[in-house]
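The entries follow the order in which I checked things.

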Amino acid sequence: MFLIKVDPLHTPSDSACFKTIAQALREAEKHADESITIEIAPGFYRERLEVHQPDVFFRGTNCLNTILSYDDYAKAIMPDGEKRGTFRTPTLFIDADRFHACGMTFENTAGRGCDVGQALALYVDGDGIVFDNCRICGSQDTLFTGPLPPAPYERNGFRGPKENAPRVNGRHYYKNCFISGDVDFIFGSAT
């Protein structure tokens, strides 16, 4: 197991500690053959993150004081003129097996679904995923438990990171978690 620490208040002389979770994930990529624990100090982290490496563990101190937050939303217009769509909005996108998170909040603060459309806090696509003592907060479509359905309901309905990927149903476990939202706030194909 390889340990990486995140603390926005760390001193530059502490080379084993990073100011952002994104920096810690880049360091984790250098140790792809090991299980990685990223120990996250209390704080508010405004980051949009992706995890593509198996066996990564986010360990926060407490879900009330270790918060990962972002605010992308479906109705936003992308540079190509197309709407962002649901599946390009997550604060945290997990595309790996055996991800584990404990003692954290994951939120999307874009606003009410009737105003901004879907806004995922988590897009979770993998097997053996565990969330323990976490808060997952948003409005419309807070938690997506992949994979995507076999076919979109509307044209270009699945625009995003896994639109052409093979669909493998994973198993997810949410233990002692608080999940809030509105309209499909928990949806997807995982077990």
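This is a predicted model: local features need pLDDT of at least 70, side-chain atom pairs count only at pLDDT 80 or more; totals for chains, interfaces and linings use all residues.

**Entry 1: pairings around β3 and β6.** I went through the pairs one at a time, starting with strand β1 (residues 2–6), which is joined to β3 in the parallel sense over 5 bridges; within this pair, lysine 5 has glutamate 39 of β3 as its bridge partner. Strand β3 (residues 36–40) is in turn joined to β6 by 5 bridges, again with the two strands running parallel, and here I found threonine 37 opposite phenylalanine 57 of β6. Moving on, I counted 3 bridges between β6 and strand β9 (residues 100–102), which run parallel as well, and I located arginine 59 opposite cysteine 102 of β9.

**Entry 2: how enclosed β6 is.** I asked myself how many of the residues of strand β6 are buried. The result is 4 of the 5 residues in 56–60, so this strand is largely enclosed by the rest of the structure. I kept in mind, as background, that side chains in a regular strand alternate between the two faces of the sheet.

**Entry 3: helix α1.** I listed the buried residues of α1 as Ile21, Ala24, Leu25, Glu27 and Ala28. Because these residues cover an arc of only 160° around the axis, they sit on the same side of α1.

**Entry 4: the nonpolar cores.** The largest nonpolar core holds 31 residues, and those with the most contacts inside it are Ile21, Ile38, Phe58, Leu92, Phe99, Phe106 and Phe131. Several elements give two or more residues to this core, among them β1, β3, β5 (49–51), β8 (92–94), β11 (122–124) and β12 (129–132), while α1 gives the most, with 4 residues. I then followed isoleucine 21 through its contacts, leaving aside residues up to four places away in sequence, and found that isoleucine 21 touches Val6, Ile40, Tyr45, Glu47, Leu49, Phe58, Leu68 and Met104. I also recorded a second, separate core of 8 residues, which includes Phe87, Leu120, Leu148 and Phe158.

**Entry 5: valine 116.** I found valine 116 in helix α2 (residues 113–116). Is valine 116 buried or exposed? Its relative accessible area is 10%, and since the cut-off for buried is under 20%, valine 116 counts as buried. Not counting residues up to four places away in sequence, valine 116 touches Tyr73, Ala74, Lys75, Ala110 and Gly111. I also looked up the separation of valine 116 from isoleucine 186: 70 residues in sequence and 18 Å in space, C-alpha to C-alpha.

**Entry 6: glutamine 140.** I placed glutamine 140 in strand β13 (residues 135–140). Its relative accessibility of 16% makes glutamine 140 buried. With residues up to four places away in sequence left out, glutamine 140 touches Gly113, Cys114, Gly117, Gln118, Ala119, Asp182 and Val183.

**Entry 7: backbone exceptions.** The peptide bond from glycine 146 to proline 147 is cis, with omega near 20°, and proline 147 belongs to the loop between β14 (143–145) and β15. Asparagine 133, in the loop between β12 and β13, has a positive phi near 55°, and with 35% relative accessibility asparagine 133 is partly exposed. Asparagine 176 also has a positive phi, of about 50°; this residue lies in the loop between β15 and β16 (178–182), and at 55% relative accessibility asparagine 176 counts as exposed.

Note on methods
Residues are numbered from 1 along each chain as its sequence is written. Side-chain values use heavy atoms; hydrogens and water are left out. Buried means under 20% relative accessible area, exposed over 50%, partly exposed in between (1.4 Å probe, protein chains only). Two strands pair if DSSP finds at least two bridges between them. Contact means heavy atoms within 4.5 Å. A nonpolar core is a set of buried Ala, Val, Leu, Ile, Met, Phe, Trp, Tyr and Cys residues joined through side-chain atoms within 4.5 Å. The arc is that of the directions from the helix axis to the C-beta atoms.
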